[in-house]
Amino acid sequence: MSKVKYYYDSETLSYRKIERKKGNTIKYGFIFLLAAGLFGFLIVFVASQFIESPRERALKHELTNLQLQYDLLNKQVDNAFAALESVEERDNNIYRLYFEANPIPEEQRRAGFGGVNRYNKYEGFDNSKLIITSNKRIDQLQKAIVVQSRSLDEIAILAEDKEKFLASIPAIQPVKNEDLKHMASGYGYRTDPFTKVRKFHFGMDFTAPRGTPVYASGDGVVKRADSNSSGYGKHIRIDHGYGYISLYAHLYKYNVKANQKVKRGDLIGYVGSTGRSEAPHLHYEVFKDGERINPINFYYGNLTAEEYARLLEKASLENQSLD
């Protein structure tokens, strides 16, 4: 039962019952509800500014985790760049220097990407700058790795070619020291044994008994094994590639034939005295690009420093050649 309310009427000097109008009741009710709604909205608004919802907490945690992941990613990129720079330094200053190849310029290794903006899809976010920077560094790292990978492929080819080159050049003495009587004559002006005239001797003469083994001084292909060259008698010519040819003259007999592939140290023939020869010996010559050069410069493959020094001293004596 609702309470009855009264008010004091000063004109009649008596209390009178308050009669509620229906319209006022509705009005006051509406005002109350509006005030309550506004107050509730204010409470929710204030709470939303200072109190996180479970979803907001989850999103904030996810954002913090993403930030941490980006930091870790940047550290990994830094480490990858450091490792790559170490490889690049060895590539430029050791590998390419050894194989006489030009170093790769820094601007080529660190070149960017021209043309359209590759990163516009990352713009407009709170962490756009971080995301764009990270993606740029990753792209730069990937490009630098591609450049270095191609460089190492080139180095591998150069190394293989260098290995073939080192195996091919005539780098050993064609007659073993223990089989030699002595080194009779070197490269340079010598006295001709037949005419006694001083003339240029284009090879080296190794005195050894008839039948002493003669060895290929480098890898190559036998181009000639015949006696059809004036003065050389039975002789062998080996094409080593790279412009080098070695010649072995006055042989007793052959152990190879034309177009046969040989390796350094293979037995190719035997010492003799055929052709224009005064006594059993091996006449040995080296050609580079068609020009005869001093074979003394190519004996680093099987002689010690002391043996080479003695050979050099004997080869420099201007004596009589044997052919």
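**Entry 1. Charges over rings**

I began with Lys 253, whose charged end sits over the ring of Tyr 270, 5.3 Å from its centre. I used this rule: NZ of Lys or CZ of Arg must be within 6 Å of the ring centre and within 35 degrees of the ring normal. I also looked up Arg 292, and its charged end sits over the ring of Phe 202, 4.0 Å from the centre.

I note that the model is predicted, that local features need pLDDT of at least 70 and side-chain atom pairs pLDDT 80 or more, while totals for chains, interfaces and linings use all residues. Residues are numbered from 1 along each chain as its sequence is written, and side-chain values use heavy atoms, with hydrogens and water left out.

**Entry 2. Aromatic pairs**

I looked up rings of Phe, Tyr and Trp (its six-membered ring), which pair if their centres lie within 6.5 Å; planes under 30 degrees apart count as stacked, over 60 as edge-to-face and the rest as tilted. I found three aromatic pairs by this rule. Phe 165 and Tyr 242 form an edge-to-face pair, with 5.1 Å from centre to centre and 80° between the planes. Phe 165 lies in helix H4 (residues 128-168) and Tyr 242 in the loop between strand E9 (235-241) and strand E10 (244-249), so the pair ties together parts that are 77 residues apart in sequence. Helices (H or I, at least four residues) and strands (E, at least two) are DSSP runs, numbered from the N terminus.

I then checked accessibility, where buried means under 20% relative accessible area, exposed over 50%, and partly exposed in between (1.4 Å probe, protein chains only). Phe 165 counts as partly exposed at 23%, and Tyr 242 is partly exposed at 34%.

Tyr 248 and Tyr 284 form a tilted pair, 5.3 Å centre to centre with 45° between the planes. This pair links distant parts of the chain, with Tyr 248 in strand E10 and Tyr 284 in strand E14 (residues 281-288), 36 residues apart. Tyr 248 and Tyr 284 are buried. I also noted that ring pairs link Phe 165, Tyr 242 and Tyr 244 into a cluster.

**Entry 3. Ser 217**

I followed Tyr 284 to Ser 217, as a polar contact of 2.8 Å joins their side chains. A polar contact is a pair of N or O atoms within 3.5 Å; within protein, one must be able to donate a hydrogen and the other to accept it, and residues adjacent in sequence count only if both atoms are side-chain atoms. Ser 217 is in the loop between E7 and strand E8 (220-226). Is Ser 217 buried or exposed? Ser 217 is buried, with a relative accessible area of 0%. Leaving out residues up to four places away in sequence, I listed what Ser 217 touches, including His 240, Ser 246, Tyr 248 and Arg 264. Contact means heavy atoms within 4.5 Å.

**Entry 4. Thr 212**

I found Thr 212 in the loop between strand E6 (204-207) and strand E7 (213-215). The side chain of Thr 212 reaches the backbone oxygen of Pro 209 at 2.7 Å. Thr 212 is buried, at 7% relative accessible area.

**Entry 5. Nonpolar cores**

I took a nonpolar core to be a set of buried Ala, Val, Leu, Ile, Met, Phe, Trp, Tyr and Cys residues joined through side-chain atoms within 4.5 Å. The largest has 25 residues, and those with the most contacts inside it are Val 214, Ile 236, Ile 238, Tyr 248, Ile 268 and Leu 282. At least two residues of this core come from each of E6, E9, E10, strand E13 (267-271) and E14. Which strand gives the most to this core? E14 does, with three residues.

I looked up Val 214 too: not counting residues up to four places away in sequence, Val 214 touches Pro 174, Tyr 248, Ile 268 and Leu 282, among others. Another core, of five residues, lies apart from the largest one, with Val 77, Phe 81, Leu 84 and Ala 144 among them.

**Entry 6. Salt bridges**

I found six salt bridges in the structure, each a side-chain nitrogen of Lys or Arg within 4 Å of a carboxyl oxygen of Asp or Glu. One of them joins Glu 160 and Lys 164 (3.8 Å, N to O). Glu 160 and Lys 164 are four residues apart in helix H4, and so are separated by about one helical turn. Glu 160 is partly exposed at 45%, as is Lys 164 at 47%.

Arg 224 forms a salt bridge with Asp 226, with 3.1 Å between the closest N and O atoms. Arg 224 is partly exposed at 26%, whereas Asp 226 counts as buried at 19%. Lys 288 forms one with Asp 289, at 2.8 Å between the closest N and O atoms. Lys 288 is partly exposed at 25%, and Asp 289 counts as exposed at 55%.
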